[in-house]
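This briefing is arranged by topic for use beside the sequence and the model. Please keep both in view while reading.

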Amino acid sequence: MTTLDSGAPTYTGIDALRVDLADGVLSVTLNRPDSLNSLNRAMLAGIAKTLQTAATDQRVKVVRLGGAGRGFCSGAGIGGDDQAQKEVDGPASVLDAANAASRAIVNLPQPVVAAVHGAAAGVGVSLALACDVVLASDNAYFMLAFTKIGLMPDGGASALVAAAVGRTRAARMALLAEKVSAREAFEWGLAAAVYPADEFDAEVDKVLTSLKSGPAVALRKTKHAINAATLTEFEPALGREREGQLKLLTSPDFIEGITAFQQRRKANFSDF
């Protein structure tokens with residue numbers, strides 16, 4: 001973490017979320033590589049808090065959102081420990097934290113760059129598409145995997161994905177839970193650019209350098225104008241997703257989906 005003067009805010013991450021400010025770039029890195037950076041409530045709350053602080057920090061010119069290890073983000077954690085913590089925190093805890101994180105990215109005045117390599121799945125897709133510039137490594141893929149465990153997209157995905165690719169492709173991604181390769185993601189409009197894996201970090205740095213050295217006020221007003229024109233359904237989507245997801249989180253199909261995932265077998269959904 002870099003502090004340029006004693007009166008400026010500081011950025012403190014946690015083990016699972018690294019936060020660093022250097023030379024105008026605020027880097028926020030998901031850091032649970034053993035689970036492909038699956039998200040828990042603390043990580044999502046940390047993203048929201050960090051960006052809320054950054055919104056009024058004149059040192060922050062651009063934000064980079066990325067993941068450690070082999071992938072960007074595998075979505076909300078559904079392993080045994082994560083599910084046990086959800087039982088303690090309540091079914092809405094991670095959902096509300098995810099909504100807050102996506103909202104913080106969209107509402108941040110400064111541009112946010114998503115650096116996506118490997119998997120971007122579930123709410124990881126939501127976080128990536130909440131960003132203003134999505135850059136993908138050629139080994140990346142995007143997957144709305146929610147229906148595989150009896151859930152629906154959340155984190156604003158129903159609005160963010162549709163705004164990027166249109167209704168037909170958004171429905172295909174959400175209903176069929178298929179992997180969308182980096183090349184398809186670029187062709188569809190999920191990603192702004194795709195780079196070879198061995199050149200990815202250098203290319204992302206070029207984009208960050210361009211943005212941090214650009215006209216800050218013009219960039220902020222441009223971001224606001226584009227979001228206002230294209231994300232009119234973002235806030236309503238968060239509400240619809242929350243209502244639907246809270247019902248699904250207590251459904252037999254979700255319990256079966258989680259059990260099947262943990263047992264490494266195909267889910268047998270009951271449809272009630």
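How many aromatic pairs does the structure hold? The structure holds 0 aromatic pairs, where rings of Phe, Tyr and Trp (its six-membered ring) pair if their centres lie within 6.5 Å, with planes under 30 degrees apart counted as stacked, over 60 as edge-to-face and the rest as tilted. A pair of aromatic rings is described by the distance of the centres and the angle of the planes. The model is predicted, so that local features need pLDDT of at least 70 and side-chain atom pairs count only at pLDDT 80 or more, while totals for chains, interfaces and linings use all residues. Residues are numbered from 1 along each chain as its sequence is written, and side-chain values use heavy atoms, with hydrogens and water left out.

**Overall form**

- The secondary structure of the protein comes to 11 helices and 9 strands; helices (H or I, at least four residues) and strands (E, at least two) are DSSP runs, numbered from the N terminus.
- The radius of gyration of the protein is 18 Å, which agrees with the value near 19 Å that a compact globule of 272 residues would have; the radius is taken over C-alpha atoms, and the globule rule is 2.2 Å times the number of residues to the power 0.38.
- The C-alpha trace of the protein spans about 55 × 40 × 35 Å along its principal axes.
- Of the 272 residues in the protein, 50% are buried, where buried means under 20% relative accessible area, exposed over 50%, and partly exposed in between (1.4 Å probe, protein chains only).
- Among contacts (heavy atoms within 4.5 Å) between residues at least 6 apart in sequence, 71% join residues at least 24 apart.

- An open sheet of 6 strands has mixed pairing and the order 1-2-3-4-6-9; two strands pair if DSSP finds at least two bridges between them.
- The edges of this sheet are strand 1 (17-22) and strand 9 (193-195), each of which pairs on one side only.
- From one strand to the next, the twist averages 20 degrees; axes are lines fitted to C-alpha atoms, for helices over the stretch in contact, and angles run from 0 to 180 degrees between N-to-C directions.
- Strand 3 (residues 62-67) pairs with strand 4 in the parallel sense over 3 bridges, and Val63 has Val112 in strand 4 as its bridge partner.
- Strand 4 and strand 6 run parallel and are joined by 4 bridges, with Val116 opposite Ala136 in strand 6.
- Strand 6 (residues 133-137) also runs parallel to strand 9, to which 3 bridges join it; the bridge partner of Leu135 in strand 9 is Ala193.

**Burial of strand 4**

- In strand 4 (residues 112-116), 5 of the 5 residues are buried.
- Val112, Ala114 and Val116 are buried on one side of strand 4, and Val113 and Ala115 are buried on the other, so that both faces are covered.

- Strand 7 (residues 141-143) and strand 8 run antiparallel and are joined by 2 bridges; in strand 8, Val180 is the bridge partner of Phe142.
- Lys179 lies over the face of Tyr141, at 4.5 Å from the ring centre; a charge sits over a ring if NZ of Lys or CZ of Arg is within 6 Å of the ring centre and within 35 degrees of the ring normal.

**Residues with positive phi**

- Most residues other than glycine have a negative phi, and most peptide bonds are trans.
- Ala177, in the loop between helix 6 (167-176) and strand 8, has a positive phi near 55 degrees.
- Ala177 is buried, with a relative accessible area of 5%.
- Arg264, in the segment after helix 11 (252-262), also has a positive phi, of about 60 degrees, although it is not a glycine.
- Arg264 is exposed, with a relative accessible area of 79%.

**Ser35 and its loop**

- Ser35 lies in the loop between strand 2 (25-30) and helix 1 (41-54), and is partly exposed, with a relative accessible area of 27%.
- Ser35 and Gly71 are 36 residues apart along the chain, and their C-alpha atoms are separated by 9.3 Å.
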